[in-house]
Amino acid sequence: MTRILLIEDDTDINNMTAEFLREKGCEAEQAFSGTEGRLLWQMKEFDLLLLDLMLPGLSGEELIRQIRAASRIPVIVLTAKNTLEDKVELLGGGADDYLTKPFELEELWVRIQVQLRHRGSIRGEKELVFKDWTIDREGRSLKAGGTLVELTAHELGIVELMMRHPKKVFTRQEIYEAVWQQDAFIEDKTINVHVSNIRAKLRAAGAQDYIQTVWGIGFKMAE
């Protein structure tokens, strides 16, 4: 059964859309604020997200940013914004598609099916590769230069995040939010210790270290 998280503060739109999705055979989880939506996304597994932008608690734009730092789940935005600039900003900000309000439910369903087909190809991805590093996504393990490097779940999460976005400089706060899936303030040393441990394990395995420190900002992958 397809699992869809619907985040929309308009009760009528939320209930109407959820009922339609259930009639189509989907499991529709409903949230009415950005913070509630984030909590559900962190606690459960979904195949697709539908969300409004103007949400109480946490905006849709901020929620997409946090989700994109950790996941490639398809995101369709339901929005009242309809200018070209708005659409470009939405897609550039991490949304996979958008539908302007008011919308027809059947058109929404077609767009959902397109994204789910794309999601199927992503699910088939078993390995993530950067240079001579390979993450086995099913076995949750890292091989560097052909050597298995034993990492904790958080250490592997940091490596996977950076391998997925090798050109991005991540702040320590961004890494914490993406890997720990929390947005509380942290001390820099929390991430520093984990990166230091990753580097030590790479050295012990005789593997190349591609994690580069960007002083005053955070970390990125060396090109």
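The buried residues of helix H3 pack against strand S1 (3-7), helix H2 (34-43), strand S3 (48-52), strand S4 (75-79) and helix H7 (172-180). Contact here means heavy atoms within 4.5 Å, and buried means under 20% relative accessible area, with exposed over 50% and partly exposed in between (1.4 Å probe, protein chains only). The model is a predicted one: local features need pLDDT of at least 70, side-chain atom pairs count only at pLDDT 80 or more, and totals for chains, interfaces and linings use all residues. Residues are numbered from 1 along each chain as its sequence is written, and side-chain values use heavy atoms, with hydrogens and water left out. Helices (H or I, at least four residues) and strands (E, at least two) are DSSP runs, numbered from the N terminus.

H3 spans residues 60-68, and its buried residues are Gly60, Leu63, Ile64, Gln66, Ile67 and Arg68. Together, S3, H3 and S4 form a right-handed β-α-β unit; right-handed means that, with the strands pointing away from the viewer, the path from the first strand over the helix to the second runs clockwise.

On to the sheet behind that unit. Five strands make up an open sheet in the order S2-S1-S3-S4-S5, with parallel pairing (two strands pair if DSSP finds at least two bridges between them). Strand S2 (27-31) and S5 sit at the edges with a single partner strand each, so one side of each has no neighbour in the sheet. Ignoring direction, neighbouring strands are turned by 20° against each other on average. Helix H1 (residues 11-23) packs on this sheet and touches S1, S2 and S3, its direction making about 165° with that of S2. H3 packs on the sheet too, touching S1, S3 and S4, and its direction makes about 155° with that of S3. Axes are lines fitted to C-alpha atoms, for helices over the stretch in contact, and angles run from 0 to 180 degrees between N-to-C directions.

S4 is mostly covered, with five of its five residues buried. Side chains in a regular strand alternate between the two faces of the sheet. In S4, Val75, Val77 and Thr79 point one way and Ile76 and Leu78 the other, and all are buried. Four bridges join S4 to S3, and the two run parallel; Leu49 has Val75 as its bridge partner, and Leu51 has Val77. S4 also pairs with strand S5 (residues 97-100), again in the parallel sense over four bridges, with Thr79 opposite Thr100.

Further along, the axes of helix H6 (residues 153-164) and helix H8 (residues 188-204) come within 10 Å and cross at roughly 90°. H6 and H8 are therefore roughly perpendicular (65 to 115 degrees; under 35 counts as roughly parallel, over 145 as roughly antiparallel and the rest as oblique). His154, Glu155, Ile158 and Val159 of H6 meet His194, Asn197, Ile198 and Lys201 of H8.

A second open sheet has three strands in the order S10-S12-S11, with antiparallel pairing. S11 and strand S12 (residues 218-221) pair over four bridges, and Val214 has Gly218 as its bridge partner in S12.
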